[in-house]
Amino acid sequence: MSAGLLFARYAYPPNALGYCGPPDAKALVDASSRDGKVEDLVSVARRFSGAWPYLELIASSNGIADPLDARVVEAYWVGNPLLEGIPAASLLAAVRSHPDSGLGGASQLRDAAMADGVAHHSFHVFAVYPWLALLRSGKPEPALTVLERCRIRWGWVEAVEGENVIVRSRPLGFDGRELVLLDARSEQACLRVDGVGFVDDVVPGDLVSLHWDWVCDRLEPAALTHLEHFTLRSLRAVNTTGVPG
Amino acid sequence: MCMSRLHRAVSAPAGGWMTVENAEGRLQRVSLIALEGPEPQIGDWLVVHSGYALRCVDSEEAAAIVSQLRAGQEALS
């Protein structure tokens with residue numbers, strides 16, 4: 001799979017919602033298509049200023065020149081061994097260059113990064129934004145919903161209903177102090193809207209990844225292992241923050 | 001990933017929602033449910049993440065954020 005398509009699979013859902021990236025979500029789809037130009041893809045991807053610092057960090061830490069190398073893109077969204085060995089100080093420096101870095105509080109970010117934080121999308125969702133602090137202040141919604149939908153999650157397809165699927169996945173929960181994964185439940189996600197979709201021929205039993213309301217990809221077992229591992233690692237990192245004393 | 005952005009309120013709050021405009025002129029309806037303090041008014045600056053207004057910022061802080069965002073964009077270009 002091309003790096004562009006892999007990037008688009010995960011970047012498109014929030015882009016289509018208007019939450020990040022360039023204003024025209026079709027630009028991402030066009031740039032990542034087989035006929036798209038590499039320079040267009042780079043130009044579009046750089047405008048995802050939430051993701052780009054992480055791609056640069058992962059690439060430079062592993063001696064890879066291109067932040068849009070498929071291995072780098074996979075590492076950021078799903079996770080892979082490229083994430084191991086990136087020093088916490090480098091992670092912290094990269095995240096601090098992000099315009100959103102102060103939203104969740106400097107201490108939350110610093111503490112999470114130093115507590116085995118990792119340059120994975122889940123870390124950005126859990127540690128950079130203020131939603132965990134809002135949860136801890138007693139405001140469960142919309143904090144929990146945003147955290148849940150903004151992270152990349154995984155699940156098994158139970159049913160296909162036209163352009164939608166029912167997926168069994170473990171949702172995020174909050175026990176009063178820590179973020180946890182709860183027991184699996186069913187949720188609906190879309191395969192395609194207005195002709196845009198990233199996974200074909202889905203059948204019950206398929207293992208897929210989800211971002212916001214979308215099915216992004218079909219996951220191989222190794223990818224599931226990585227996604228689960230790095231998601232849990234990010235959860236452990238942020239759960240060490242905000243501890244009194 | 002789902003980056004927050006600075007937006008300016010362009011409509012009065014109604015039913016816990018209001019319309020905001022980002023620096024590129026893109027309009028978006030945002031929920032005010034996560035916002036602390038008094039309701040924003042037309043012209044106020046808001047930090048928005050994933051469709052939710054998180055906090056109001058004064059014009060001085062807004063200018064600083066815009067400057068930071070522009071510096072980031074220039075560094076990327």
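A: Let's start with burial: a residue counts as buried if 20 or more other C-beta atoms lie within 10 Å of its own, exposed if 12 or fewer, and partly exposed in between, with C-beta atoms placed from the backbone. Strands here (E, at least two residues), like helices (H or I, at least four), are DSSP runs numbered from the N terminus. Keep in mind that this is a predicted model, where local features need pLDDT of at least 70, side-chain atom pairs count only at pLDDT 80 or more, and totals for chains, interfaces and linings use all residues. Residues are numbered from 1 along each chain as its sequence is written, while chains are lettered from A and ligands numbered from 1 in the order in which they are written.

Chain B runs β-β-β-β-β-α along its sequence, and 30% of its 77 residues count as buried.

Now the two sides. In a regular strand the side chains alternate between the two faces of the sheet. Trp45(B), Val47(B) and His49(B) point one way from E4(B), and Leu46(B) and Val48(B) point the other way.

As for partners, two strands pair if DSSP finds at least two bridges between them. E4(B) pairs antiparallel with strand E1 (residues 5–9) of chain B over 4 bridges, and antiparallel with E5(B) (residues 52–57) over 5 bridges. Val47(B) shows up in both pairings: its bridge partner is Leu6(B) on one hand and Arg55(B) in E5(B) on the other.

Finally, E4(B) and E5(B) make a hairpin with 2 residues between them, and Ser50(B) in that turn has a positive phi of about 50 degrees.
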